[in-house]
Amino acid sequence: MSSRIRLGAVAAVTALIAFLGTAAPAAAHGFSSVVYVDITSGDDGRPRTKLQLEYDLYVVSAADAAHDDPLFRAGTAAFEAGDARAQAAALNAHRKAAVTYVDRRFSVSSQGGRCTPAQSGDFTMGRKEGVPYATLLLDWTCPEQGGDHEVRSGLFPDAETYVTGTRTIVTYDIDGRTGSAALDAAHPAFSTHQAWYERFWEFFRLGTEHLLTGTDHILFLLALIAGSRRLREVVLAATSFTLAHSVTFMLAALGLVDVPTAVVEPVIALSIAVVAGWYLWRLWRHGGRAAELRAAHGGHFGLDRAGWTRLAVVFCFGLVHGLGFAGALGIDRAFSWTLLWSLLVFNVGIEAVQLALIALVFPVLTLLRRRAPAAGLATTGAISAGVFAMGLVWFTQRVFGR
């Protein structure tokens with residue numbers, strides 16, 4: 001392959017990495033929100049919903065929808081002061097605007113008829129992932145008692161321009177059924193009559209979408225692929241990463257691990273730079289021999305010392321990435337075992353995309369390395385350099401909050 005073609009390939013790869021990096025925000029999971037809804041039967045058999053909404057977003061959206069400037073001023077002042085009591089007081093003082101906002105964008109229906117909500121008690125405050133959340137209890141009076149219920153959510157839509165891709169995570173224990181559901185703009189409703197496989201498909205879909213839209217996770221995976229010398233290395237690295245993030249994902253779901261996002265996000269960015277930098281260091285030290293195995297001596301899985309060290313590093317960083325995946329759904333100990341199974345399916349969706357990317361990218365790089373070794377090294381080096389640079393940029397941005 002001519003030097004001109006090699007340079008063209010390297011330039012194309014570098015441009016792609018730059019595009020992926022600049023197209024993503026500094027925090028992979030920022031600029032979105034998650035609403036949590038728990039549906040049960042009240043003492044009189046009526047549906048009761050417990051909604052938990054991100055406080056500052058809720059205040060801005062409700063105030064804007066109702067043109068309620070006093071709510072905006074009081075709510076944002078309480079948020080900036082970090083005063084939970086004042087935050088609840090602001091919502092309670094403007095409950096009409098706050099409840100109306102939810103009523104127009106969230107509904108419960110029975111037998112095809114829309115149920116009417118009534119607030120139960122006052123607004124209260126809590127925290128999720130270190131962020132203030134407001135809790136709103138609503139009792140619903142339905143035209144027909146009994147039967148299946150349909151829940152529909154359009155809270156914090158993209159059209160408001162405050163956040164994008166809002167998800168509503170629902171758990172329910174009503175109508176003699178328990179389960180969970182994940183709602184978004186493309187799939188805004190579900191029925192309590194929904195089959196188990198329909199629920200699981202929603203979480204599988206969310207998992208695939210999360211990885212495809214999580215640029216930092218994609219770049220981490222590209223760094224793994226580019227730095228792997230053999231198929232067994234990338235498979236073992238991906239498996240190690242899977243096992244590690246599954247461990248912390250489930251520990252977070254059980255409420256046994258709680259690490260602030262302010263710590264998790266910078267470490268994820270750092271992990272991207274380290275894994276990419278690992279291969280760049282090998283290129284600098286070994287040059288054209290960077291893709292060679294160093295006398296594995298028939299060890300387990302045919303890995304040499306460098307391979308095993310890299311595997312351990314990937315496993316450790318996988319533990320942190322699991323907290324990032326958990327943070328994407330705001331998992332905490334309040335969630336049920338029923339939802340836990342759905343979250344496992346979310347994890348499976350992530351892995352399906354990961355394996356698909358490996359199946360697409362690794363054979364191409366392998367073929368390039370065999371047919372044109374110099375071009376293969378240049379291409380994998382360009383991928384790693386681009387990923388390394390973006391990892392450092394994101395790390396700096398996330399540490400200093402830019």
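In the predicted model, helix α7 spans residues 215-227 and comprises 13 residues. The distance from its first C-alpha to its last is 18 Å, close to the 18 Å expected at 1.5 Å a residue. Of the 13 residues of α7, 13 are buried, so the helix is largely enclosed by the rest of the structure.

The largest nonpolar core contains 39 residues. Within this core, the most contacts are made by L53, Y58, L91, V102, F106, L155 and F156. Helix α2, covering residues 55-66, supplies the largest share of the core, namely six residues. Another core, of 28 residues, lies apart from it and includes V234, F241, F362 and V387. Beyond residues up to four places away in sequence, F106 touches V37, T49, L51, R114, W140, V151, R152, S153 and L155.

When neighbours within four places in sequence are left aside, the contacts of Q87 are Y55, A78, F79, G82, M125 and P132.

Side chains of opposite charge can pair when their charged atoms come close. Six salt bridges are present in the structure. In one of them, R48 and D139 are joined through their side chains at an N to O distance of 2.7 Å. Because R48 belongs to strand β2 (residues 47-54) and D139 to strand β7 (residues 131-141), this pair ties together parts that are 91 residues apart in sequence. R48 is partly exposed, with a relative accessible area of 29%, whereas D139 is buried, at 12%.

A salt bridge is also formed by R95 and D122, whose closest N and O atoms are 2.7 Å apart. This pair links distant parts of the chain, 27 residues apart: R95 is in helix α5 (residues 95-105), and D122 is in the loop between β5 (116-119) and β6 (124-128). R95 counts as partly exposed at 29% relative accessibility, and D122 counts as partly exposed at 47%.

The side chains of R152 and E150 likewise meet in a salt bridge, with an N to O distance of 4.0 Å. R152 is partly exposed at 39% relative accessibility, and E150 is partly exposed at 33%. R152 is also one of the residues touched by F106.

Methods: Residues numbered from 1 in each chain as written. Predicted model: local features only at pLDDT ≥ 70, side-chain atom pairs only at ≥ 80, totals over all residues. Heavy atoms only, no water. Core = buried A, V, L, I, M, F, W, Y, C linked by side-chain atoms within 4.5 Å. Buried < 20%, exposed > 50% of the residue type's maximum accessible area, 1.4 Å probe, protein only. Helix = DSSP H or I, 4+ residues; strand = E, 2+ residues; numbered from the N terminus. Contact = heavy atoms within 4.5 Å. Expected span 1.5 Å × (residues − 1).
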